[in-house]
Amino acid sequence: MSLLQIEDLTVVYEPRGAQPTTAVDRVSLSLEQGEFVGLVGESGSGKSTLGFAITRLAKAPARIASGRIVFDGTDIAGMGAEELRAQRRGGFAMVLQSGMNALNPVRSVGHHFADVFAAHGHVPAPRRRARAVDLLDKVQLPATVLDRYPGELSGGMRQRVSIALALSLEPRLMVFDEPTTALDVLVQHAVMDTIRELQKAEGFTAVLISHDLGVVLESAERVAVMHDGRVVEDAPARELYRHPRHEYTRMLLSHYADPRAEVVELPGLSSRTVDAAGGTAASVRGTAAGPDAGAARDAVVVEHVSKVYPAPRRGEQPVTAVDDVSFTLEPGGALALVGQSGSGKSTIAKMLTGVERPTSGTVRFGDQRVDRMRRRQLRRLHADVQMVFQDPYSALNPLSTVEYTLTRPVENFTDLRGEAARARVLELLETVGLTPVEQFAAKLPHQLSGGQRQRVVIARALASNPQVLVADEPVSMLDVSLRAGVLALLQELRRETGVSLLYITHDLLSARVIADQIMVLHHGTVVERGETVRVLRFPEADYTTRLLAAVPQPARRFEAS
Amino acid sequence: MTEPTAVTAAGTEPQVVPGPPRRTSRTRTGRFFQVVGRGFATVWANPKARVGLVMLGAFVLMAVLAPVLAPYGPHDDSFGRNEAGSAAHWLGTTGNGEDVLSQVIYGARISLLVGFVAGGLSTLVAVVIGLSWGYLRGWGDDVVNFLVNLFLVMPGLPLMIIIAAYLQNGGLPMIILVVVLTGWAWGARVLRSQTRSLRSRDFVTAAVFSGERPARVVFREILPNMTSMIAASFFGAATAAILAESGLSFLGLGDMSTVSWGSMIFWAQNSMAILTGQWVLLFAPGLCIALLATSMTLVNFGVDGLSNPRLREGTGR
């Protein structure tokens, strides 16, 4: 008999004063004892809602409208609160995406374990510490962690603690809701390894919820793909990878590729091959340097730049975010800065745009010194150097229409006014592919999808006909299927307007398709640089190899065996 | 949470073609009334705030319709002195022979006027100072900080009394001035911290990249995003202003020729109303002050709901 049987489960959201929406729509799914099942879908597919429903953690306005959830022979869909609490031990547990923030900051890790043991009374008081040490050992943390407070631990360590806490109740079913999404790339990889090993050793049934099909395919035995509240495909991982049946699954799979491959193709992006060394770079630059107006004329030259932030607390060392970095962004060129968080890549972007001043070294744009500019000069600089922000959800003022957002830079940086300015705004919308333009101009940000918002952000950056675009992780907050579209837009803009691009990312695959040159940063220093194709195919630095290994690739698991 | 996405051919972006958007008015004033109406609906949805709004509405009606509602003029002292309640004078008469009920009704005018004008002005000062202070960095920051702290540490009522004593006999404008001078600091500090957190948001940086000048960034980009906080600060300030006006009048520092709830208590106290058994003289205006302040505080509960982004449409993913 299956451990968990979901039958025709429907979950609806009923917010006050708004239309109810069906998040999970008549889903049936069964989980066997000891199985590792992946649940994949993009934002809004209902995967997390389903995860919350099967652990009965769903809260208002979410409501289980119909269906049964049979766990080990009992229907838990209509169970009372106290019954449910008792059931948590030896039953089901959940690890959340923001699990690292689920710990109480004023209580030590040891207290958290003691609370759980006391609530369920399954570990006698004298044995509690030993048991906690035991559990921490399982998630590869030392016993000393018990006396530390959550604030003293890194994100990855806190996520491990929350996994250990979930384990302390000896659950037979563990639901991991995006357990690594909020973590850094390299840490993500390590935490996923731990989860896989734990599952094998402990033999619990695991449900891994993720938006990233790559991560899921690397771990799960069976994968269920969700779309618009329904499970559209449910198949063993290998079969799903080899012979995806549903169109949606095929679309998701098409967005994965190995950045080390000879040819990298993503849907909608022209293929970039290596015929001769630097062949692609030369060809792109060739077209870019055409006689078109608006093309980049000036290079950005960064020489021996360092940035040191004062110590966060008294008695601590000052933080060196960037350490003696030099590079040149040629007019019309595309340079990728890659590295994990804290590698100083965003700080470099801030210094390039004049938001921060370097502690030492010079940043020049043409013959201007960016590092010495005053406020008024910076305004002029921003006519030439523009920025695309990481989070399209916070980069647009929620109260301003698209037209207003785009009209402002047009009026501030050009002589266009009134109807002429409006015509320019519509032209910009056309450029970024938001048609019908009239309709999109009147919209407010919340009426747009993430990808559409990011296009508005790009349109705003283009309003002043800039020479340089600094794009700080422009696709990291977007769903996989939307990423390719935005990347293709950036590539097309380079080709058509000849704008120089500084592309900042931790995602090597997107760097491979977008940039000619690449610079790998680690702890503020450059560890490797060169042609993107060469660096990614034949990395020399150890750190680059580690970054490459952290890119989720379904291919690796199945091709090898 | 529920962005509609569609299965499309690989690579093309699923288009969310938003349905006909909610009817937005074309004209500027039309849009303004729409926003106000939506805000009112949000506040109305909160049961506590609904009670507050009804009470406040009743007081406003009472003040506006005072000449119609009040049986006599507020200064009409042609009646017997210190009379108990009767059919002709429901709440009795004062030591000067005026009708208490009429005075209570007319008194609402002063309290509401001072409340809204002084509350509005001190909120205005708080917004201007708080937002600029939160946005700008540099030495000015420390100067404003010192000034605000100065106003915050000085106990309010004694400061008011001293200022009022210097501006003796200034009438209503004087009272409003005193209340504004002593009431803006708290709001400024609250709004400043909110500005601090909003200024680090990407859309503010983006506005700077769009070439906007600081004043426009502060008042066009940041300010509309803290409307609820400003509304809350206004109701808080208005409540404080009403209490301050009553307090000053009661102490005899107000304009004694106008009839306000505070001055009614002042005169009642002077004529020893309690000793003559006329507790209504003290009780009626006191209750009105308490109820008006309560109504504003209740409305504030609903305004708190406004500032909770989860209750606002469109801010969620």
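**Chain B, helical spans**

I started with residues 51–70 of chain B, where the chain is 90% helix and 0% strand, with the end C-alpha atoms 25 Å apart. Worth noting at the outset: I am working from a predicted model. I then looked at residues 143–166 of chain B, which came out as 92% helix and 0% strand. The end C-alpha atoms of that span lie 26 Å apart.

**Chain A, overall**

Next I turned to chain A and counted 21 helices and 20 strands. The C-alpha trace spans about 75 × 55 × 50 Å along its principal axes. Does the radius of gyration agree or disagree with a compact globule? It agrees, because a compact globule of 561 residues would come out near 24 Å and chain A has 26 Å.

I also checked burial: 48% of the 561 residues in chain A are buried. For contacts with a separation of 6 or more, 68% in chain A join residues 24 or more positions apart.

**Chain A, two domains**

Chain A splits into domain 1, residues 4–253, and domain 2, which is made of 279–288, 297–399 and 444–560. I get 34 Å between the domain centres, taken over C-alpha atoms. What does each domain of chain A bring to the contact? Domain 1 gives 17 residues and domain 2 gives 14.

On the domain 1 side, the elements that give two or more residues are α6 (185–202), α7 (213–219), α8 (237–242) and α9 (247–253) of chain A. I sorted the residues on that side by type and found 7 nonpolar, 5 polar and 5 charged.

**Chain A, sheets**

I traced an open sheet of 4 strands in the order β2-β1-β4-β5 of chain A, with antiparallel pairing. Which strands sit at its edges? They are β2 (21–31) and β5 (74–75) of chain A, each pairing on one side only. Strand β1 (residues 4–13) of chain A is joined to β2(A) by 7 bridges, and the two run antiparallel. To place that pairing on the model, I followed A:Leu9 across to its bridge partner in β2(A), A:Val27.

Another open sheet of 4 strands runs β12-β11-β14-β15 in chain A, again with antiparallel pairing. Its edge strands are β12 (319–329) and β15 (368–369) of chain A, and each pairs on one side only. Inside this sheet I looked at β11 (residues 300–309) and β14 (residues 360–365) of chain A, which pair in the antiparallel sense over 5 bridges. Here A:Val302 has A:Val363 in β14(A) as its bridge partner.

A reminder to myself: strands of a sheet pair through backbone hydrogen bonds, either parallel or antiparallel.

**Chain A, one loop residue**

Last, I checked A:Ala125, which lies in the loop between α3 (109–120) and α4 (128–138) of chain A. Is A:Ala125 buried or exposed? I call A:Ala125 exposed because 10 other C-beta atoms lie within 10 Å, and the cut-off for exposed is 12 or fewer. I also took the distance back to A:Ala114, 11 residues away along the chain: the C-alpha atoms of A:Ala125 and A:Ala114 are separated by 8.6 Å.

Methods
Residues numbered from 1 in each chain as written. Chains lettered and ligands numbered in written order. Predicted model: local features only at pLDDT ≥ 70, side-chain atom pairs only at ≥ 80, totals over all residues. Domains from an automatic or database assignment. Contact = placed C-beta atoms within 7 Å. Nonpolar A, V, L, I, M, F, W, Y, C, P; charged D, E, K, R; others polar. Pairing = 2+ DSSP bridges. Buried ≥ 20, exposed ≤ 12 C-beta atoms within 10 Å, placed from the backbone. Rg over C-alpha atoms; globule rule 2.2 N^0.38 Å.
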